[in-house]
Amino acid sequence: MKLHIKGTPKNVNEILVLKVTRYRNKLNDSSYCLLIDDFSDYNGDSIAITTREEQLTCSKQIYVKTLDHLSEDDIVSIDKRGNIRTLYRVNSRQNSLFVTERCNSNCLMCSQPPKDIDDIMHHHNIHKKLIPLIPKSCKELGITGGEPTILGDLFIELLSILKNELPQTEIHVLTNGRSFAINALAQKISEVNHPRIMFGIPLYSDYYQIHDYVVQSKDAYYQTLMGISNLKRYGIRVELRMVLHEITISRLENYSKFIYKNLPFVDHVAFMGLEIMGFTKANLDKLWIEPSEYIIPLEKAVLYLASKKINVSIYNTPLCLLPFTLWEFAVKSISDWKNIYFDECEKCAVKVQCGGFFKSAESKRSNQIKAFDTVPVFL
């Protein structure tokens with residue numbers, strides 16, 4: 001699925017954030033731009049994005065090869081170089097705000113490798129224009145990076161804007177949690193007083209050396225634990241995230257017992273399949289393991305946490321790689337724009353219930369994928 005296309009701009013001298021429409025009667029609202037993918041012409045003040053090679057009579061326009069990926073009321077950003085990025089898709093529940101490429105960790109399996117660039121104000125200014133345009137009916141919105149807390153006070157400002165503009169929207173922030181080891185930041189989050197925020201924080205082991213090695217940062221383990229504790233001190237929701245690979249799976253049972261003993265107050269625990277993107281590709285020899293080799297300890301860890309009434313799920317893992325005992329915990333979690341199914345899946349009786357694969361699995365996947373002839377009776 002395309003989220004970015006490049007066209008040929010005319011008279012676009014700033015970054016614009018606009019909803020798209022094919023209906024000219026909506027152009028009384030200055031928050032819209034017009035999509036023209038037929039032979040009609042347009043003469044007006046609104047910007048037009050068109051597949052027509054001939055120049056239109058409107059002042060601002062961008063010529064592109066296709067508009068097929070855009071739906072009515074999607075929200076895009078347009079810059080002077082002709083880049084058109086889809087920021088919000090009305091037909092998706094998996095929209096996010098990408099706030100920076102910078103990060104204070106360097107995880108071995110990071111799918112979005114950090115870059116030391118000055119991009120924070122660029123993204124923040126776009127999001128201040130974007131958020132008021134997002135439908136109030138939006139059910140869920142993510143915040144991701146890089147590391148969102150690097151924004152400092154701008155991060156607090158962003159959360160405040162979301163609370164004011166989208167008070168009924170669930171906000172899920174992906175963060176390594178280390179910045180919250182400074183209690184003042186956790187306190188500022190609490191002062192925003194947004195009950196619909198949850199922080200997804202990775203904890204890769206019950207043992208500090210494993211976690212620090214995975215994130216490639218000394219003392220990250222203790223900073224993360226302190227950050228989680230500080231957030232929960234203020235009643236802020238926290239989800240623990242564990243990515244399953246060769247380095248993290250050796251202590252899964254101990255990990256689950258550690259959570260129950262030391263972090264029973266977390267709101268959710270997610271065990272996550274590996275995405276073969278970014279640094280994962282370079283470190284695949286250290287990370288890849290056939291899922292069947294960790295299923296038994298994963299099963300014990302998940303069922304143990306469930307028995308202790310801790311909310312637990314399995315993300316990014318197709319049903320055919322899990323025993324039936326874990327199917328109730330499997331979530332269709334992969335974002336639609338990078339979600340695929342293989343040929344084997346097309347004849348599977350449980351495809352509709354299954355979350356499928358990351359598109360990156362085309363380069364490396366389990367050799368135990370199989371189709372089910374019938375739907376198990378418990379589904």
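A: Tyr208 lies in helix H4, which covers residues 208-215, in a model that is predicted. Its relative accessible area is 32%, and because buried means under 20% and exposed means over 50%, Tyr208 counts as partly exposed. Tyr207 is likewise partly exposed, with a relative accessible area of 36%.

The structure holds 11 aromatic pairs, and one of them joins these residues: the ring centres of Tyr207 and Tyr208 are 5.4 Å apart and the planes stand at 65°, so the pair is edge-to-face, given that planes over 60 degrees apart are counted in that way. A pair of aromatic rings is described by the distance of the centres and the angle of the planes.

Another aromatic pair is made by Phe324 and Phe372, with 6.2 Å from centre to centre and 40° between the planes, and this pair is tilted. It links distant parts of the chain, since Phe324 belongs to the loop between strand E15 (312-315) and strand E16 (339-340), while Phe372 belongs to the segment after strand E17 (357-358), the two being 48 residues apart.

To return to the tyrosines, Tyr207 and Tyr208 form one aromatic cluster together with Tyr221 and Tyr222. On the surface, Tyr207, Tyr208 and Tyr222 also form a nonpolar patch, and together these three residues have about 300 Å² of accessible area.

The charged end of Lys351 sits over the ring of Tyr341, at 5.0 Å from the ring centre, and the charged end of Arg365 sits over the ring of Phe342, at 4.1 Å from the ring centre.

When its neighbours within four places in sequence are left aside, His194 is in contact with Leu159, Leu162, Lys163, Leu166, Pro167, Thr169 and Ile171.

Methods. Residues are numbered from 1 along each chain as its sequence is written. This is a predicted model: local features need pLDDT of at least 70, side-chain atom pairs count only at pLDDT 80 or more; totals for chains, interfaces and linings use all residues. Side-chain values use heavy atoms; hydrogens and water are left out. Patches are made of residues with over 30% relative accessible area and no salt bridge: like charges are joined within 9 Å, nonpolar side chains (Val, Leu, Ile, Met, Phe, Trp, Tyr) within 5 Å. Accessible areas come from the Shrake-Rupley method with a 1.4 Å probe; for residues, only the protein chains shown count as cover. A salt bridge is a side-chain nitrogen of Lys or Arg within 4 Å of a carboxyl oxygen of Asp or Glu. Helices (H or I, at least four residues) and strands (E, at least two) are DSSP runs, numbered from the N terminus. Buried means under 20% relative accessible area, exposed over 50%, partly exposed in between (1.4 Å probe, protein chains only). Rings of Phe, Tyr and Trp (its six-membered ring) pair if their centres lie within 6.5 Å; planes under 30 degrees apart count as stacked, over 60 as edge-to-face and the rest as tilted. A charge sits over a ring if NZ of Lys or CZ of Arg is within 6 Å of the ring centre and within 35 degrees of the ring normal. Contact means heavy atoms within 4.5 Å.
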